[in-house]
Amino acid sequence: MIDKQDNKKGNVMNNIVVRVEKSGNRFNAFDADGVKYTSQITTGARKKAFNNNMALEQRVNKSGKNYWWAVPMDMYEATTKPVVPTSSVDVPAEHDEVVNFIHNSYSLKPQGLMMNELKWKYLIRSAVRGKNILMTGPAGCGKTMAAKSLVNALDRPDFYFNMGSTQDPRATLVGNVHFDKAKGTYFSESLFVKAIQTPNAVILLDELSRAHPDAWNILMTVLDSGQRYLRLDEQDGQATINVAEGVTFVATANIGNEYTSTRVMDKALMDRFTIVEMDVLDDKQETELLQYMFPHVDVSDLVAVAEIANTSRVESNSESGKISTAISTRSSVEMAGLLFDGFGIDEAAQVCVYPQFSDDGGVDSERTFVKQLVQKYVSDGTSDDLFNEDELDDESDYDDDF
Ligand SMILES: Nc1ncnc2c1ncn2[C@@H]1O[C@H](COP(=O)(O)OP(=O)(O)OP(=O)(O)O)[C@@H](O)[C@H]1O
Ligand SMILES: [Mg+2]
């Protein structure tokens, strides 16, 4: 308890300094390791410290009794683990090795992943330097593929969690409480708890932007370079698990206006990551990818698919664009797969592209626009003449009856 009389005479105990966090209408006190001291401090003292933005330090008075004394927040900050600088300037030998590894790492990129050399090296460098990585970009542009390729390129234990499909974040990230007649109540920890305790693990948090906000909250301390612990429960005591040395988190997020179903990610959570933005492929790169994947398909057909996809991207990005979403690389790979299996471009588009575009508005609908775009490549039988928007506008009498 805070006892003003004893301030000057009190001795500092164990150097325990806590910060008060407000959660709902409760004021909880945690030290820098996440150990909870709430029950040892009166509600009034915690509330006051919180309101005054002060930390509380554990002290002992002359009669050997503990009490908590309000101290400047700096004193709490000083007890947080120093952020270990990851630069290796002090160890040049090791540094040379790391630099070599990063700069020769492009050969570790799978050929089937289209990603430019600088981006790939940046990805590898971020992982080697123990940064949390967040791969961002629109749907189907290769975020998950790049993250998985990174995991494969590094010879380290890896774990995969699809955060987008997590219904119960606490069960997935922390664990479950069970009851057994013989054992009574017991706790079974999650795979995630095991993952974070595995030194040098690479932990993939796929679709983090679609995760439940509870999951983001649980991950806050885990991802913070100054904290790196998981709080197991709301009880007092040592209920935290530290993230092991060398653990790297790689997350993916759909970030962009068009993703209305994606909860906008919390700014504080975003701040805990190094962002690696996936580039959307242009038509040349896309053709190259499709040719690599489907060498037996007629090149002009693959060029057509790549150009259709590319035009849809340019159109959806332009302010006066007639469509709001684009055909992703995932979709063009699917189309090329159908071509490989003997379907025509129009058929491939019908099954894997048109359903993505709304037909609201009839002849002015997004779907009509895309149908006209595809038809450009079907009716000519060639992809020689580039798609021309003005021409498209004149084609309103085009037969739209699929
Ligand atoms: N840059 C790329 N290089 C190679 N293939 C790609 C690329 N982008 C997309 N693809 C193809 O599209 C498929 C989907 O990619 P991926 O799952 O990585 O997309 P994503 O960005 O994670 O999408 P989402 O946002 O929907 O999760 C891949 O299996 C691959 O065939
Ligand atoms: Mg993905």
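Author: H11 and H12 run roughly antiparallel to each other, because their angle of about 155° is over the cut-off of 145 degrees. This is a predicted model. Helix H11 covers residues 299–317, and helix H12 covers residues 329–340. Their axes lie 10 Å apart.

Now take helix H4, residues 117–128. H4 has twelve residues. From its first C-alpha to its last it reaches 16 Å, close to the 16 Å expected at 1.5 Å a residue. Look at its N-terminal end. Asn116 caps H4 there. A side-chain oxygen of Asn116 lies 3.1 Å from the backbone nitrogen of Leu118. Then look just past the other end.

Which residues of H4 are buried? They are Lys119, Trp120, Lys121, Leu123, Ile124, Ser126 and Ala127. In an α-helix, residues three or four places apart point the same way, because there are 3.6 residues a turn.

Last, the cysteines. Cys141 counts as buried because its relative accessibility is 10%, and buried means under 20%. Cys352 is buried too, because its relative accessibility is also 10%. The count of disulfides comes to zero.

Technical notes. Residues numbered from 1 in each chain as written. Chains lettered and ligands numbered in written order. Predicted model: local features only at pLDDT ≥ 70, side-chain atom pairs only at ≥ 80, totals over all residues. Heavy atoms only, no water. Disulfide = S-S within 2.5 Å. Buried < 20%, exposed > 50% of the residue type's maximum accessible area, 1.4 Å probe, protein only. Helix = DSSP H or I, 4+ residues; strand = E, 2+ residues; numbered from the N terminus. Expected span 1.5 Å × (residues − 1). Polar contact = N/O pair within 3.5 Å; in protein donor to acceptor, adjacent residues only side chain to side chain. Axes fitted to C-alpha atoms, helices over the stretch in contact; angles between N-to-C directions. Parallel < 35°, antiparallel > 145°, perpendicular 65-115°, else oblique.
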